[in-house]
Amino acid sequence: MFSFYKKYTNLDKALLCPSKVKKLHLSFLTPLEYEDKLPLFTSLKELSIHANIFDEPLGLEKLVKMESLERLEMLNVNYKDFPEQLCNLQNLKYLKIRGCDFKFIPDSIVRFKNLSNLSIENTDIITLPVVMKNMPGIKELSLRANWSLKISCNELPLNLEKLYISESIFGKEILEESQLLMPRLRVFYS
């Protein structure tokens, strides 16, 4: 029996009826193995890609056409710059990018109108874009293991409720100030 709401981890099984698959998890496949097959998954809501850090990065041309996508995880996808084309995924509610070498998040990130959970971890980012405070939909933000990042409460989304960070990037005085400005904010250290 083919279960449409189960998370598929085997690409060949998911390809038996790709238009019905809602969740797909791809681990350690090279982009050449799945890149051309992504457009077949027309109803996909969740996509998780765990890549080998030495692979070529995934081309985004086909991925950004997946209009039904609401949740995207990209781990070790080897991007040197923030994948700005992702901002075209207007239905995206959850975005997690971990293990990339980019240093900046572009201002175009504000194009994510439905994004409520943003997780950017283990990257080389230095600062957050100032426009991020104008993203009222973001309720949860994870910035763990971004060791070069220094942030102030002026850069945080105004309606932020949960912030996950490494202790070194957010000083205690900034924490107190942010909790005055955002009383619903809870900070979780790792």
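How many bridges join S6 to S7, and do they run parallel or antiparallel? The answer is 3 bridges, with the two strands running parallel. The legends below walk through this and other close-ups.

This is a predicted model, in which local features need pLDDT of at least 70, side-chain atom pairs count only at pLDDT 80 or more, and totals for chains, interfaces and linings use all residues. Residues are numbered from 1 along each chain as its sequence is written, and side-chain values use heavy atoms, with hydrogens and water left out.

**View 1. An open sheet of 9 strands with parallel pairing.** The strand order is S1-S2-S3-S4-S5-S6-S7-S8-S9. S1 (7-8) and S9 stand at the edges with a single partner strand each, so one side of each has no neighbour in the sheet. Strands (E, at least two residues) and helices (H or I, at least four) are DSSP runs numbered from the N terminus, and two strands pair if DSSP finds at least two bridges between them. Strands of a sheet pair through backbone hydrogen bonds, either parallel or antiparallel.

View 2. Start at Asn 117, whose bridge partner in S7 is Glu 140. Next, S7 (residues 140-142) is joined to S8 (residues 162-165) by 3 bridges, again in parallel. Here Ser 142 has Tyr 164 as its bridge partner in S8. S8 then pairs with S9 (residues 186-189) over 4 bridges, also in the parallel sense, and Lys 162 has Arg 186 as its bridge partner in S9.

**View 3. A salt bridge between Lys 162 and Glu 140.** A salt bridge is a side-chain nitrogen of Lys or Arg within 4 Å of a carboxyl oxygen of Asp or Glu. In this pair the closest N and O atoms are 4.0 Å apart. The partners lie 22 residues apart and link distant parts of the chain, with Lys 162 in S8 and Glu 140 in S7. Lys 162 is partly exposed at 23% relative accessible area, and Glu 140 is partly exposed at 25%; buried means under 20%, exposed over 50%, and partly exposed in between (1.4 Å probe, protein chains only).

**View 4. Lys 62 and Asp 36 joined by a salt bridge.** Their closest N and O atoms are 3.0 Å apart. Lys 62 sits in the loop between S3 (46-50) and S4 (71-75), while Asp 36 sits in the loop between helix H2 (31-34) and S3, 26 residues away. Lys 62 is partly exposed at 32%, whereas Asp 36 counts as exposed at 55%.

**View 5. Further salt bridges.** The whole structure holds 8 salt bridges. One of the pairs is Arg 71 with Glu 73, at 3.3 Å from N to O; Arg 71 is partly exposed at 29%, but Glu 73 is buried at 15%. Arg 98, Glu 121 and Arg 144 are linked in a network of salt bridges.

**View 6. The largest nonpolar core, with 54 residues.** A nonpolar core is a set of buried Ala, Val, Leu, Ile, Met, Phe, Trp, Tyr and Cys residues joined through side-chain atoms within 4.5 Å. Leu 47, Leu 63, Leu 72, Leu 86 and Leu 95 have the most contacts inside this core. Elements giving two or more residues to the core include helix H1 (11-14), S2 (23-27) and S5 (94-98). Leaving aside neighbours within four places in sequence, Leu 95 is in contact (heavy atoms within 4.5 Å) with residues including Leu 72, Phe 82, Leu 86 and Asn 117.
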